[in-house]
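Student: I have a model open and a few things to ask about it. Can we go through it bit by bit?
Tutor: Go ahead, the structure is below.

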Amino acid sequence: MDSALVIHRLHFAFTITYHYLFPQLTMGLAPLIVIFKSLALWKGDERYNKAARFWSKIFAINFLFGVITGIPMEFQFGTNWARFSHYSGGVIATALAMEGVFAFFLESSFLGLFLFGEKRFGQKVHWLAAFMVFAGSWISGFFIIVTDAWMQHPVGYEIAGDGTAHLNSFWSLLFNEWALWQYLHNMGGAVITGSFAMAATGAYYLLSRKQEEYGRLFVRTGVIVAALASLFQVFPSGDRQGKLVTDNQPATLAAMEGLFQTESGASIVLVGQPDTANQKLDNPIYVPKALSFLTHRRWEAEVKGLNEFPRDQWPDNIPLLYYSYHIMVGLGTIFILVMATAVVLLWRKKLFNARWMLWIVMLSFPFPYIANTAGWITAEVGRQPWLVYGLMRTQEGFSSNVSAGNGLFTLLGFMGMYTVLSILFIILIWREVGHGPEFLGHEESTGRVFPAAAKT
Amino acid sequence: METIWFILITLMLTAYVVLDGFDLGAGIISPLVARNHDERRLILRAIGPVWDGNEVWLIASGGALFFAFPLLYASSFSGFYLPLMIVLWLLMLRGVGVELRSHVNDPLWWSFFDFVFSISSLLLAIFFGAAIGNVVRGVPLNSDGYFFEALWTNFRVGTNPGILDWYTVLTGLLALVTLTVHGSHYVAVKTEGEVQNRARRVAFFGWLMLVLLTAVSLVATIYVRPQILDNFRIRLWGWIIPVLVFGALVSMPVLVRKGSDLAAFVASTAYIVSMLGGAAFAMYPNLLSASTNPSYSLTIHNSKTGSYSLSVGLVWWLIGIALAIGYFTFIYRSFRGKVVLDEEGGY
């Protein structure tokens, strides 16, 4: 545990995992706020603006935490992974630099206008600002995914005379097939986090019988969007992502599924504990032949097990990979069940009185965070032992000039800093949810009746 | 092509120092010019809609550096590991200090975030100055292009220096005073009455320090690194830079006295641009000089990436920066004028 390699891996893993708790909500809420702003413009109903204002307060706090925990990420490629940066900068830095000029300038410029300019510049400019912030956050996500996708599935490069990777096709890098599906899958996950948070907040208002008009709006919007996004995560985005792993990272697939031996008509394991020493799964509960069908579209297809691959190409933490993958898939399945039930109740006009369901919706908001995190652990641990798949091993990439002692010093510093940030975040969000949308300033009611309130 | 990228990245970093410089400066002088809750809110409102965008220039410069000169990015970011991490923590604290103050109505809460905001702004200015000092002085590069610098060794400028030695402390103080003056000019532009008067006074006393430190650091730089004069000997047009520095320095107090705060802000901008431009001019084509063996220095030639991506990069960079300049013009125009404490505007 005291080797520099381990410390640098933990350093990046800790800071990126913590950071990504915030952008997933930013990217998930941004389109929902645009929906509210659009409805307000379209229907001329001030209450949609109030709803947007309330969520923009949550958004602003969350965005700030995303920005300040995100700044270290742009630097940590160089600080902790210098040899990797030197090797791959000729390719991935194109994506990272583009993120800076195309996404960060956009979102940071319009955020100020979005937060402080509603009254001053009018509703149309404010809608535009909301849209630009949404666009900026989603463009930012795209370039990060392009970077990661290149590490998962390198394309559009050549190895130059000095042994480093140089870009030789700009469009291949940007339109890497891996990046496309990973992006859609990732953004679906972000929308799930955002819509669950919205639905849970609404459920909280309904259950505590305050601000119920907004409670209904948030629950309705949240569960509909969450149900659609949860389905999208399985098909097509998750399915296609899985297919890419099957074709390009077969050892990763075997480890994710806990498949130690090659099988024809392989079954898919729902629950079970991998035993890497004896190369078997304990206490498996499985669906026969499902894995063959899902990966190759044939019930009897052969799926390669870990035994087909040399040991030095196995992911180095098979249990972690196996569990994170199963947690992601398991939670994703539960999300569909919960939100489909909620939508059915909504459709039959029973949801707002079904307190048991509102309790479930309210308590479910942390789980998308877990699912998104588990998904990323699956992707990144699954890529091991490679840092750039097939090209550079993880142990070749860290900053060998930064000692384990210096690395641990700053890792502990980040842990302390992030503990304080977490406490501040929880206090501030709790206060905003407590205030609710009802009593926010700038009322300019158009006097029209909130149509939804009358109907439901 | 690599020369073009050298110039572009210098421009981006300069834009960062000019833009984030004034909001750092506003943070530094906030305890001096804003004495109560409402005055502090005014300062925050003056920078509120723009500080985050200004900071993006740092991120974008880092990205462009990584893109054009991967070896420099890898070497300098890992070699400056400790100070960079401290800078990152300070940037976090500063973001929290600006944005979270207004969320709770409690004098204790305000005091805490006022302190966080000012101290982190002050330390950031010093660290950024020390960083420039390190680059000018040179670092102990190995033959493989890497190095690692401790925070301090014996505070002497030698072959094995620390991040902080007497020279880099000097450049750190120079940066602190520069941004104090620059930030005071900005605050004077954006405010009226008492706060504006205090900002002008801070600008004047800061200016006295600035003249002194500019002269001292000029002598010190020539003593520490005589090679910086080489480019001035080869390319005589470079002498326009010290003329600009001098002109900007002289005009600042005159303009403040006349009450032309915006012109004074332009003058401090010109001072920053010409100082950084001068440093870049003197360094070229070196990116990071070796204090060990001059042949280990990282130059634009041995650090650059492939010429294909540098050429393609020029296309997307120009499009992206044109858009960014468009947004900035729009935002600064939207929020132009004096700040007031009306109900909208936050903080």
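Student: What should the 32 residues of helix α1 of chain B span at 1.5 Å a residue?
Tutor: Bear in mind that this is a predicted model. Helix α1 of chain B, residues 2–33, should span 46 Å, and its end C-alpha atoms are 44 Å apart, which agrees.

Student: Where is the kink in α1(B) centred?
Tutor: On G21(B), and the kink is about 35 degrees.

Student: And how many residues of α1(B) are buried?
Tutor: 23 of its 32 residues, so α1(B) is mostly covered.

Student: Switching to S184(B). Which helix is S184(B) in?
Tutor: S184(B) lies in helix α7 of chain B, which covers residues 166–190.

Student: Does S184(B) count as buried or exposed, and why?
Tutor: Buried, because S184(B) has 33 C-beta neighbours inside 10 Å, and 20 or more is enough for that label.

Student: Leaving aside neighbours within four places in sequence, what is S184(B) in contact with?
Tutor: With G25(B), I29(B), A199(B), V202(B), A203(B) and G206(B).

Student: New topic, the contact between the chains. How many residues does it take from chain A and from chain B?
Tutor: Chain A gives 55 residues and chain B gives 56.

Student: Which elements give two or more residues to the chain B side?
Tutor: Those are α3 (51–68), α4 (70–79), α5 (81–100) and α13 (307–334) of chain B. The largest share, 13 residues, comes from α13(B).

Student: What is that side made of, by class?
Tutor: The side of chain B that touches chain A has 35 nonpolar, 17 polar and four charged residues.

Notes:
Residues numbered from 1 in each chain as written. Chains lettered and ligands numbered in written order. Predicted model: local features only at pLDDT ≥ 70, side-chain atom pairs only at ≥ 80, totals over all residues. Contact = placed C-beta atoms within 7 Å. Helix = DSSP H or I, 4+ residues; strand = E, 2+ residues; numbered from the N terminus. Nonpolar A, V, L, I, M, F, W, Y, C, P; charged D, E, K, R; others polar. Buried ≥ 20, exposed ≤ 12 C-beta atoms within 10 Å, placed from the backbone. Expected span 1.5 Å × (residues − 1). Bend = angle between axes of the 7 residues up to and from the residue.
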